[in-house]
Amino acid sequence: MLRKYSNSRTLEDNMKLGGLTAFSAGMVNVASVIIFFAFTSNVTGHYAILAEEIAKQNWYEAAVVFGWIFAFFIGNFMSNIIIIHSKKNSYQSHAIPLVVEILCLLSVGFYGQYVYTETLTETEIMIAIMLFAMGIQNGLTASISNFAVKTTHLTGLTTDLGILLAMFTKKEFRENEKMKGKARLLLVIVSSYLTGGIFAGVVYLNIQFMVFIVACLVIGLIILYEYSKFKVTKFIRTKRAVNFKY
Amino acid sequence: MTMLFNSTSPEKNLIGSWKEIAWEYEKVENYSEDGIPISKTISKQIKQEIVQDLIIHQAEIWTFSPNGELILKGEQMPVKPLDWNLKGRGNVLSLIHPDLKTEKYNVSVVNKDEMILYFDSDIHARGIVKMTFKKIEG
């Protein structure tokens, strides 16, 4: 999932990465809507709100919403800076942004559970941290999958799905393996996002802010899975090299 | 930039005492099923029906303290301390009763002088209720 880059990725790689990251994004978004009354995995709505607040001359609110959009932007920027400039192997350069995302979500989870006094400033900062985390995730998945996987917002995905289904009304497109694979990938992402959201909505009632820790575990699963694959691949390569030498 | 630095957080604006000055239906059909025009202004009787199950029942003066406490005062009601907080970008007001019953109000306007809150009312299936307040102490 994390080791391969752009066109070397298989559909299976993208489906695993898309499914797990969409599940965590759905969890984070629904939990933040329930707790903070703000979306944290997408910014389209925030652009509309920003325009509305500017039109109403509510400068404080406009600045807050601009800060949230900027946090999402910086998350995307940062994850790609790490990927582009890292001199380490692709697994490590792709895992680092996910570790940063986990740290962000952990901080929101623990702060929310043990420290949060429900002031507006705290709420605004925690929303910004989550938007930053979702920006990191989206920037990473989009970049390493050559823009095939975007898991934090579903506007473009729903558009693509509509286009694909319209194309499938023609036999020649229905039989196109690449297009069928793309449709499967989109369906996996949308269903994972929805499942993550429903799961968060249900478990939030019992575990409150700890729902963000569960989202971290899902992201941690990606890192651990890839680490084990990376180690196995490295072991096989070393073994082959040793055999070749002798 | 000057406007930005001079702007105040909705939380700071909210702190102080507010007097209810109007209750209206914001979103309402203009005519009833019988073709009778419907007034947007809410009568005292309808207001009592709407608020009978709400925390804000019979309140006229709302005093928000910086420590997150809200005191509701009315002619025929005892002083009722509640907890309050703002969510989102300050556009959602949550009122929390001691028994943890929570009500949400949409904050449309909150500045130094005026506050406008909205909430959905199912009473008479009439629509969204607009509550206007004037600051009396801040």
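This is a predicted model: local features need pLDDT of at least 70, side-chain atom pairs count only at pLDDT 80 or more; totals for chains, interfaces and linings use all residues.
Helices, taken as DSSP runs of H or I of at least four residues, and strands, taken as runs of E of at least two, are numbered from the N terminus. Residues are numbered from 1 along each chain as its sequence is written, and chains are lettered from A in the order in which they are written.

Chain B has three helices and eight strands, which follow one another along the sequence in the pattern α-α-β-α-β-β-β-β-β-β-β. Of the 138 residues in chain B, 20% are buried (20 or more other C-beta atoms within 10 Å of the residue's own, with C-beta atoms placed from the backbone). Among the contacts in chain B with a separation of 6 or more, 42% join residues 24 or more positions apart, two residues being in contact if their C-beta atoms, placed from the backbone, lie within 7 Å.

The contact between the chains takes 14 residues from chain B and 14 residues from chain A. On the side of chain B that touches chain A, two or more residues each are given by α1 (2-6), α2 (10-14) and β4 (77-87) of chain B, with the largest share, three residues, coming from β4(B). This side of chain B comprises five nonpolar, six polar and three charged residues, where Ala, Val, Leu, Ile, Met, Phe, Trp, Tyr, Cys and Pro count as nonpolar, Asp, Glu, Lys and Arg as charged, and the others, Gly among them, as polar.

Definitions and conventions: A residue is buried if 20 or more other C-beta atoms lie within 10 Å of its own, exposed if 12 or fewer, and partly exposed in between; C-beta atoms are placed from the backbone.
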